[in-house]
Amino acid sequence: MMKTPVSIFLCVLLSVVAASAEEVAAPISLKALYQQLSEQQTQLQDVQSQLRQLQDQDRGLRSVSRCETGTVESPANSVLYQGSGDRYLEERVYFRSAFSSTPVVSIGLNHLDHNPGTNTRIEATVTRATTTGFTVRFYTWATSHVVKAGVSYIACS
(Lines give C-alpha, C1' and ligand atoms only; values in the text may rest on other atoms or scores of the structure.)
Protein backbone atom coordinates (compact mmCIF):
# COMPACT_ATOMS: atom_id res chain seq x y z
CA MET A 1 0.00 0.00 0.00
CA MET A 2 1.45 3.35 -1.02
CA LYS A 3 1.53 6.06 1.62
CA THR A 4 0.22 9.49 0.76
CA PRO A 5 2.04 12.69 1.77
CA VAL A 6 -0.55 13.21 4.51
CA SER A 7 -0.04 9.75 6.00
CA ILE A 8 3.73 10.18 5.80
CA PHE A 9 3.38 13.52 7.56
CA LEU A 10 1.29 11.93 10.31
CA CYS A 11 3.84 9.13 10.74
CA VAL A 12 6.65 11.65 11.03
CA LEU A 13 4.58 13.74 13.43
CA LEU A 14 3.79 10.71 15.62
CA SER A 15 7.44 9.66 15.72
CA VAL A 16 8.49 13.17 16.67
CA VAL A 17 5.81 13.31 19.38
CA ALA A 18 6.87 9.89 20.70
CA ALA A 19 10.53 10.92 20.74
CA SER A 20 9.62 14.17 22.44
CA ALA A 21 7.66 12.31 25.10
CA GLU A 22 10.70 10.21 25.96
CA GLU A 23 12.92 13.25 26.26
CA VAL A 24 12.23 16.43 28.08
CA ALA A 25 9.55 18.02 25.96
CA ALA A 26 11.34 19.89 23.21
CA PRO A 27 9.04 21.86 20.95
CA ILE A 28 9.48 21.24 17.23
CA SER A 29 8.67 23.84 14.68
CA LEU A 30 6.34 23.36 11.76
CA LYS A 31 9.30 24.20 9.51
CA ALA A 32 11.31 21.30 10.99
CA LEU A 33 8.38 18.92 10.50
CA TYR A 34 8.03 20.06 6.89
CA GLN A 35 11.77 19.46 6.36
CA GLN A 36 11.46 15.93 7.78
CA LEU A 37 8.44 15.28 5.58
CA SER A 38 10.35 16.49 2.53
CA GLU A 39 13.29 14.20 3.35
CA GLN A 40 10.93 11.24 3.81
CA GLN A 41 9.31 11.93 0.44
CA THR A 42 12.72 12.01 -1.25
CA GLN A 43 13.68 8.71 0.37
CA LEU A 44 10.35 7.20 -0.67
CA GLN A 45 10.90 8.29 -4.28
CA ASP A 46 14.39 6.72 -4.23
CA VAL A 47 13.02 3.42 -2.90
CA GLN A 48 10.24 3.43 -5.52
CA SER A 49 12.81 4.02 -8.26
CA GLN A 50 14.96 1.13 -7.00
CA LEU A 51 11.88 -1.09 -6.83
CA ARG A 52 10.99 -0.28 -10.47
CA GLN A 53 14.56 -1.14 -11.53
CA LEU A 54 14.40 -4.49 -9.71
CA GLN A 55 11.01 -5.25 -11.26
CA ASP A 56 12.43 -4.50 -14.73
CA GLN A 57 15.38 -6.80 -14.05
CA ASP A 58 13.00 -9.51 -12.81
CA ARG A 59 10.91 -9.24 -15.98
CA GLY A 60 14.11 -9.57 -18.02
CA LEU A 61 15.11 -12.72 -16.15
CA ARG A 62 11.69 -14.24 -16.59
CA SER A 63 11.81 -13.67 -20.33
CA VAL A 64 14.44 -16.39 -20.87
CA SER A 65 12.58 -18.94 -22.93
CA ARG A 66 15.30 -21.46 -23.73
CA CYS A 67 18.90 -22.39 -22.94
CA GLU A 68 21.26 -24.84 -24.59
CA THR A 69 24.56 -26.14 -23.26
CA GLY A 70 27.45 -28.01 -24.79
CA THR A 71 31.19 -28.23 -25.33
CA VAL A 72 33.54 -27.26 -28.15
CA GLU A 73 37.14 -28.39 -28.68
CA SER A 74 39.90 -27.28 -30.94
CA PRO A 75 41.40 -30.07 -33.01
CA ALA A 76 44.67 -31.55 -31.71
CA ASN A 77 47.95 -30.28 -33.18
CA SER A 78 46.29 -27.42 -35.05
CA VAL A 79 47.76 -24.04 -35.92
CA LEU A 80 47.70 -23.29 -32.17
CA TYR A 81 50.46 -25.86 -31.70
CA GLN A 82 52.62 -24.91 -34.64
CA GLY A 83 54.95 -21.95 -35.05
CA SER A 84 55.04 -18.80 -32.93
CA GLY A 85 53.47 -15.35 -32.84
CA ASP A 86 49.73 -14.62 -32.97
CA ARG A 87 47.68 -17.64 -34.01
CA TYR A 88 43.99 -18.42 -33.81
CA LEU A 89 41.55 -21.09 -34.80
CA GLU A 90 37.78 -20.73 -35.11
CA GLU A 91 35.26 -23.50 -34.48
CA ARG A 92 31.63 -23.01 -35.55
CA VAL A 93 28.89 -24.39 -33.28
CA TYR A 94 25.34 -25.04 -34.53
CA PHE A 95 22.44 -25.15 -32.07
CA ARG A 96 20.19 -28.23 -32.05
CA SER A 97 17.37 -25.93 -33.19
CA ALA A 98 17.28 -22.21 -33.95
CA PHE A 99 16.50 -19.72 -31.19
CA SER A 100 13.69 -17.21 -31.75
CA SER A 101 16.16 -14.37 -31.03
CA THR A 102 19.95 -14.20 -30.87
CA PRO A 103 20.97 -15.82 -27.56
CA VAL A 104 23.55 -14.62 -25.08
CA VAL A 105 26.40 -17.12 -25.20
CA SER A 106 28.81 -17.59 -22.29
CA ILE A 107 31.83 -19.87 -22.36
CA GLY A 108 34.38 -21.20 -19.89
CA LEU A 109 37.62 -23.05 -20.49
CA ASN A 110 37.18 -26.71 -19.50
CA HIS A 111 40.22 -28.39 -21.07
CA LEU A 112 43.78 -27.40 -21.95
CA ASP A 113 46.57 -29.60 -23.28
CA HIS A 114 49.82 -27.73 -23.94
CA ASN A 115 53.52 -28.24 -24.50
CA PRO A 116 55.11 -28.11 -21.04
CA GLY A 117 58.33 -26.69 -22.51
CA THR A 118 56.74 -23.29 -23.27
CA ASN A 119 54.61 -20.70 -21.51
CA THR A 120 50.90 -21.42 -21.61
CA ARG A 121 48.80 -18.68 -23.20
CA ILE A 122 45.22 -19.23 -24.37
CA GLU A 123 42.20 -17.07 -24.93
CA ALA A 124 38.75 -18.28 -25.96
CA THR A 125 36.06 -15.84 -27.08
CA VAL A 126 32.62 -15.99 -28.68
CA THR A 127 32.26 -14.31 -32.06
CA ARG A 128 29.40 -14.05 -34.54
CA ALA A 129 26.51 -15.32 -32.40
CA THR A 130 23.29 -15.81 -34.39
CA THR A 131 19.96 -17.58 -33.83
CA THR A 132 21.42 -20.76 -35.38
CA GLY A 133 24.90 -20.87 -33.81
CA PHE A 134 28.09 -19.08 -32.85
CA THR A 135 31.83 -19.21 -33.37
CA VAL A 136 34.46 -19.83 -30.70
CA ARG A 137 37.85 -18.31 -31.40
CA PHE A 138 40.80 -20.02 -29.69
CA TYR A 139 43.80 -17.69 -29.65
CA THR A 140 47.41 -18.05 -28.52
CA TRP A 141 50.53 -15.96 -29.03
CA ALA A 142 54.30 -15.74 -28.67
CA THR A 143 55.99 -19.13 -28.25
CA SER A 144 53.03 -20.95 -26.66
CA HIS A 145 52.14 -24.34 -28.11
CA VAL A 146 48.56 -25.37 -27.36
CA VAL A 147 47.94 -28.99 -28.34
CA LYS A 148 44.21 -28.84 -27.69
CA ALA A 149 41.72 -26.60 -25.85
CA GLY A 150 38.06 -26.93 -25.01
CA VAL A 151 35.24 -24.79 -23.65
CA SER A 152 31.80 -25.39 -22.19
CA TYR A 153 29.02 -23.06 -23.28
CA ILE A 154 25.54 -21.99 -22.32
CA ALA A 155 23.37 -20.06 -24.76
CA CYS A 156 20.11 -18.49 -23.53
CA SER A 157 17.47 -16.39 -25.22
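The structure holds five salt bridges, a salt bridge being a side-chain nitrogen of Lys or Arg within 4 Å of a carboxyl oxygen of Asp or Glu. Side chains of opposite charge can pair when their charged atoms come close. The model is predicted, and local features need a pLDDT of at least 70, side-chain atom pairs count only at pLDDT 80 or more, and totals for chains, interfaces and linings use all residues. Residues are numbered from 1 along each chain as its sequence is written, and side-chain values use heavy atoms, with hydrogens and water left out.

One of the salt bridges brings together the side chains of Glu-68 and Arg-96, at 3.9 Å from N to O. This pair links distant parts of the chain, with Glu-68 in strand β1 and Arg-96 in the loop between β2 and β3 (104-114), 28 residues apart. Strands (E, at least two residues), like helices (H or I, at least four), are DSSP runs numbered from the N terminus. How accessible are the two partners? Glu-68 has a relative accessibility of 2% and counts as buried, while Arg-96 is exposed, with a relative accessible area of 64%. In these terms, buried means under 20% relative accessible area, exposed means over 50%, and partly exposed lies in between (1.4 Å probe, protein chains only).

The side chain of Glu-90 meets that of Arg-128 at 2.9 Å, N to O. Here again distant parts of the chain are linked: Glu-90 belongs to strand β2 and Arg-128 to the loop between β4 and β5, 38 residues apart. Glu-90 itself is partly exposed, at a relative accessible area of 27%. A salt bridge also joins Glu-90 to Arg-137, where the closest N and O atoms are 2.7 Å apart. Because Glu-90 lies in strand β2 and Arg-137 in strand β5, this pair ties together parts that are 47 residues apart in sequence. Arg-137 counts as partly exposed, at 28% relative accessibility. Elsewhere, salt bridges that share partners join Arg-66, Glu-68 and Arg-96 into one network.

An open sheet of three strands has the order β2-β5-β4, with antiparallel pairing. Which strands stand at the edges? They are β2 (87-94) and β4 (123-127); each has a single partner strand, so one side of each is left without a neighbour in the sheet. On average, neighbouring strands of this sheet are turned by 25 degrees against each other, direction ignored. For such angles, axes are lines fitted to C-alpha atoms (for helices over the stretch in contact), and angles run from 0 to 180 degrees between N-to-C directions. Strands β4 and β5 (residues 133-140) pair in the antiparallel sense over five bridges; two strands pair if DSSP finds at least two bridges between them. Within this arrangement, Glu-123 has Tyr-139 of β5 as its bridge partner.

A covalent link comes next. The structure holds one disulfide, defined as a pair of cysteine sulfur atoms within 2.5 Å. The disulfide joins Cys-67 to Cys-156, with an S to S distance of 2.0 Å. The torsion about this S-S bond is about 115 degrees, so the disulfide is right-handed. Since Cys-67 lies in strand β1 and Cys-156 in strand β6, the pair ties together parts that are 89 residues apart in sequence.

Cys-67 and Ser-157 are 90 residues apart in sequence and 6.6 Å apart in space, C-alpha to C-alpha.

Most residues other than glycine have a negative phi. Asn-77 is not a glycine, yet has a positive phi of about 55 degrees. This residue lies in the loop between β1 and β2 and is partly exposed, with a relative accessible area of 43%. Ala-142 is not a glycine either, and has a positive phi of about 60 degrees. Ala-142 lies in the loop between β5 and β6 (146-156) and counts as partly exposed, at 30% relative accessibility.
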